[in-house]
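Good morning, everyone, and thank you for making time for this. I would like to walk through one structure slowly, starting with the overall build of a chain and ending with a few individual residues.

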Amino acid sequence: MKEGLRQSMAWVHTWSGLLVCWLLLLVFMGGTAAYYKHEITFWMKPELHKAADAPSRVSPAESATLAVRELQQRAPKANAWFLDLPHERNPLIYASWTNPPKKGMTREERRAAFRTQNFTLDPMTGEKTAAPRDTRGGEFLYRLHFDLYYMSAIWGRWIVGIASMFMLVAIVSGVITHKRIFKDFFTFRPKKGQRSWLDAHNATAVLALPFHLMITYTGIVTLMFMYMPAPTKALYGSEQNTMFSEVFPNAERVKPAREFAPLADVAPMLLQAERAWGAAPSRVVVTNPNDANARIELHRPAGQQLSNIEPTMTFDGATGAQLSGPKPMSTSLDARAAIYGLHVAHFADPLLRALFFVCGLAGTAMVATGALLWGVKERQKYAKAIANGGKVGFGVRLVDALNIGAIAGLPIAFAAYFWANRLLPVEMAGRSNAEANWFFIAWGLAALLAQIRPTRAMWRIQLTVGAAMLAGIPALNAFTTDTHLGVTLFGGPGLRPVAAFDLVVLALGLLLGWAAWWLGRKARKQAAAKQPTSTHTTPLEAT
Amino acid sequence: MSILILSGTALAFSGFAATSITMDRHYADIHGRGAEPSPATRLRLRTLGWIGLALSFMACIGASGWHIGPVLWCGILSLAAWSVTLLLQYHPRKVMHGAWIGLPAALLTTALLLR
């Protein structure tokens, strides 16, 4: 039989999607959460909530002065200082520094010196806030979505990169193989079995197609120097770093003069930048502080352009004079920065960020419905065997089990991570790693149980557990902190992220609970319709 | 300019709603099995639908500029299309009534853009 383009593309779509779908679910969920990584980190550090409650009355220039004063006492001889000043998504002053390596240090000691040390200031008082608990917060979820975990980042990035390329293939082949893309544009027919799953897959995929294409393609571009090293190799040989310093507009790195010079006042520089940009800088980097070759770099806050490389202003730290700053970017670098910027969406205001989040959830739903669809279709081949009390094939069983472990199991893992953040002892050693371990303990357990009994009852149990754990987070927060919904909903704007986090996980928990209830209702209906049958071999089929 | 974004969203909804009504399946959902729109109705609604989508694009550009506006528009289009899809399934007649919101939204958008 001669196969048309559509049929062969259907094959490509099915297998490129199925092979990587469970990993893609992790990447999609992690990446979607990462749109709120600052808010998640803030929620996970309840010690900082109190300081953020009052609205900041201190100007950015004053904040920077406060932080510099504190850094002068704690780390006058640091390599570099980094200040994140209060702005829309960050209610506090975050300051950190790296120490210079000394002669005769071992490699380990050098690495330790480079590790940043930090503190947080209350912008109201200029006082140091309570030390937050040791957690990686949203950063863990962000890293997880392209570095994975328990392996070197390079391996993780290759694995995620290959999965992304499969995803890109799946998207393009999916569009080609979808015969009725325009006729079925607005179609969703529930309670029609396989038809409904296909409609749901199409609706989540087609109606957010610009997002899915964009996010997959730009995701690959963010790591293009790793995935496509040939051009750099051809032009620069082994001197990759030369390429980076030539291409990227880093302010020229100056060596310390090893000659003391008092650091100029940063406040006038911030005011100058604010006048030029119409927005106060959100980040200040001081290299070689208190040295004759000190440099102060101010970064414009995101929100005015797609590009993730924001304009900077550079000042001589000893004289306070403005320097010419980094060289202008080439057009191709500008294009890359815009593509990169689209992926990370630093520019997004609250509304646009919410749209990115919803589209990310739609992407998760697209992958999930696609994975379920394979099982639903494949199961039909066994319809006769099942009717005669037989079993489904190994492939269907495996896919069912993986689907349960990923679709129902991953929300449990995310919830476990947040529960661990509140329940592990605050003073515990290696706390941030323990939190991450709980993510994988919960996920591993869910995936294992799914492999042992991939039944419809297992779907219901895991969806219910995930629902209870997510929806229970606001209650958990109320029992373990002073900033529960009763306080955060009526508190200052600084506490809004805490309230929003509680409400969003509650909503996601209710969604999972609804899915569990829907499955249970179906099971009861079927049991009533054809007694007596064994229900435990019936998996997530359509209604 | 959140009013502009709001009216842009209404326009996207209205544009998709008008387009969906011209499709046989959805027309039948609303007007009963077997009903088909006349060619004139089809053309009129389709034209109005495209005008709605184009105006919603302009509203997004007006609200967020040429850099971020198109990104915002894509997100709003997805949101509008999902709303139309769900509404067509559960309350098909509301799609027809809801499409009228495009009229005041178009006037508001034009007024805000020309201001």
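Please keep in mind throughout that what you see here is a predicted model. Let me begin with chain B, which has five helices and zero strands, so that, read along the sequence, its pattern is α-α-α-α-α.

How does the radius of gyration of chain B agree with that of a compact globule? For 115 residues a compact globule would have a value near 13 Å, and chain B has 14 Å, which agrees. If we look along the principal axes instead, the C-alpha trace of chain B spans about 45 × 25 × 20 Å. Of the 115 residues in this chain, 46% are buried, and, when we take the contacts in chain B between residues at least 6 apart in sequence, 77% of them join residues at least 24 apart.

Let me turn now to the place where the two chains touch. Here 19 residues of chain A are in contact with 20 residues of chain B. On the chain A side, the elements that give two or more residues are α9, residues 209–222, and α15, residues 350–380, and it is α15(A) that provides the largest share, with five residues. Sorted by class, this side of chain A has 16 nonpolar residues, two polar ones and one charged one.

At what angle do α9(A) and α14(A) pack? The angle between α9(A) and helix α14, residues 331–344 of chain A, is about 120°, with the axes 8 Å apart, which means that α9(A) is oblique to α14(A). The crossing of these two helices, α9(A) and α14(A), is left-handed. On the α9(A) side the residues that meet the partner helix include Met214(A), Ile215(A) and Val221(A), while on the α14(A) side they include Arg336(A), Ile339(A) and Tyr340(A). By class, the contact of α9(A) with α14(A) has six nonpolar, four polar and one charged residues.

My next stop is helix α6 of chain A, which runs over residues 138–147. Because seven of its ten residues are buried, α6(A) is largely enclosed by the rest of the structure. Among those buried residues are Phe140(A), Leu141(A), Tyr142(A) and Phe146(A). And what do the buried residues of α6(A) pack against? Their partners are α1 (5–34), α2 (37–43), α7 (153–177) and α18 (431–452), which belong to chain A.

α6(A) is followed by Leu148(A), whose phi is positive, near 55°. Tyr150(A), which lies in the loop between α6 and α7 of chain A, has a positive phi of about 60° although it is not a glycine. Is Tyr150(A) buried or exposed? Tyr150(A) has 9 other C-beta atoms within 10 Å, and therefore it counts as exposed.

I will finish with Lys191(A), which sits in the loop between α7 and α8 (194–206) of chain A. Its phi is near 60°, a positive value in a residue other than glycine, and, because Lys191(A) has 9 C-beta neighbours inside 10 Å, it counts as exposed.

Note on methods
Residues are numbered from 1 along each chain as its sequence is written. Chains are lettered from A and ligands numbered from 1 in the order in which they are written. This is a predicted model: local features need pLDDT of at least 70, side-chain atom pairs count only at pLDDT 80 or more; totals for chains, interfaces and linings use all residues. Helices (H or I, at least four residues) and strands (E, at least two) are DSSP runs, numbered from the N terminus. The radius of gyration is taken over C-alpha atoms; the globule rule is 2.2 Å times the number of residues to the power 0.38. A residue is buried if 20 or more other C-beta atoms lie within 10 Å of its own, exposed if 12 or fewer, and partly exposed in between; C-beta atoms are placed from the backbone. Two residues are in contact if their C-beta atoms, placed from the backbone, lie within 7 Å. Ala, Val, Leu, Ile, Met, Phe, Trp, Tyr, Cys and Pro count as nonpolar, Asp, Glu, Lys and Arg as charged, and the others, Gly among them, as polar. Axes are lines fitted to C-alpha atoms, for helices over the stretch in contact, and angles run from 0 to 180 degrees between N-to-C directions. Angles under 35 degrees count as roughly parallel, over 145 as roughly antiparallel, 65 to 115 as roughly perpendicular and the rest as oblique. A crossing is left-handed if the near helix is turned anticlockwise from the far one by less than a right angle, and right-handed if clockwise.
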